[in-house]
Amino acid sequence: QIASSFVSDKVDLICGIATPSAQTAYNAAMDTDISVIYTAVTDPKAAELADDKGNPVGEVTGTSDKLPIEAQLKMIRDLMPDAKKIGILYTTSEANSVSTIKEYKELAENYDFEIVDSGINTVADVEMAAKDLASKVDCISNLTDNTVVSALQTVIAAADEKNIPVFGSEIEQVKIGCLASMGIDYIALGKQTGEMAAKILKGESKAEEMPYEVCSGASFYVNTAVADKLNFELDQATVDGAAEVFDEITVE
């Protein structure tokens, strides 16, 4: 309804944040001359917002928050040398999460990990699924799954009961209770998206002429308060090497 109202208002551009919003915005504006730009879409190809070559499928483009999965796996292995199983909770209807799970499984064996995944349908499923998952694994790696992120404190609580860490996928998740992340900075991603939107609004380029862009770089973030809570040992070199260190858990 919101996307349709934007189309009715004949706005110049619609920005959709995350895969479901981006798909909805594009579907609403598809038969108009309204440009759609998206951000925080993990896999634009799987979301059918870009073709196999990464080119726009219409007047739509934006930025991907594709997770640096290999870097995340390496980080977990470095922090947990004896761990064997990583749990991942995801929403089965989110194309971004499904494609990320697939890549996790393809890369996990390179680091001697087994991925134990648990699919949910709604936020109401999170608590039971998280408790079940936490009982089977050595740690949990959280995605940018919209449904799961909205209930991240429930996931962390389930992990706390088993005294296992939750690794985040971006800086904000580390601030609110994940132990660490080799993740992206969404403020930087927002700026990158804004620059693309500005080109469209200024008439310098059309969305259909701009392949989507991936957020550049990944940084290591760690929360020492979470480590203390879990009695998790972090060596000083690891802490010193972090892009940012948090010494408290900030939950709004």
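**Conventions.** I recorded that residues are numbered from 1 along each chain as its sequence is written, and that side-chain values use heavy atoms, with hydrogens and water left out. The model is predicted, and I noted that local features need pLDDT of at least 70, that side-chain atom pairs count only at pLDDT 80 or more, and that totals for chains, interfaces and linings use all residues.

**Entry 1: two helices.** I looked up how helix α3 (residues 69–79) and helix α4 (residues 95–108) pack, and found an angle of about 55 degrees with the axes 10 Å apart. This makes α3 oblique to α4. Angles under 35 degrees count as roughly parallel, over 145 as roughly antiparallel, 65 to 115 as roughly perpendicular and the rest as oblique. The axes are lines fitted to C-alpha atoms, for helices over the stretch in contact, and the angles run from 0 to 180 degrees between N-to-C directions. Helices (H or I, at least four residues) and strands (E, at least two) are DSSP runs, numbered from the N terminus.

I then noted the crossing of α3 and α4 as right-handed; a crossing is right-handed if the near helix is turned clockwise from the far one by less than a right angle, and left-handed if anticlockwise. On the α3 side, the contact is made by I69, E70, Q72 and L73, and on the α4 side by T100, E103, Y104, L107 and A108. Contact means heavy atoms within 4.5 Å. I sorted the residues of this contact into five nonpolar, two polar and two charged. Here Ala, Val, Leu, Ile, Met, Phe, Trp, Tyr, Cys and Pro count as nonpolar, Asp, Glu, Lys and Arg as charged, and the others, Gly among them, as polar.

**Entry 2: S181.** I located S181 in strand β8 (residues 180–183). S181 has a relative accessibility of 0% and therefore counts as buried (buried is under 20% relative accessible area, exposed over 50%, partly exposed in between, with a 1.4 Å probe and protein chains only). The side chain of S181 reaches the backbone oxygen of G168 at 3.1 Å and the backbone nitrogen of E170 at 3.3 Å.

**Entry 3: N223.** I found N223 in strand β10 (residues 219–223). N223 is buried, with a relative accessible area of 0%. Beyond four places in sequence, the residues that N223 touches include V174, K175, F246 and D247.

**Entry 4: Q192.** I placed Q192 in helix α9 (residues 186–201), where Q192 is buried at a relative accessible area of 15%. The C-alpha atoms of Q192 and T63 are separated by 7.5 Å, although the two residues are 129 residues apart along the chain. I also noted a polar contact of 3.1 Å between the side chains of Q192 and E213.

**Entry 5: positive phi.** Most residues other than glycine have a negative phi. I found D112 with phi near 60 degrees, a positive value, in the loop between α4 and β5 (114–120). At 63% relative accessibility, D112 counts as exposed. N163 has phi near 55 degrees, also positive, and N163 is partly exposed at 44%.

Note on methods:
A polar contact is a pair of N or O atoms within 3.5 Å; within protein, one must be able to donate a hydrogen and the other to accept it, and residues adjacent in sequence count only if both atoms are side-chain atoms.
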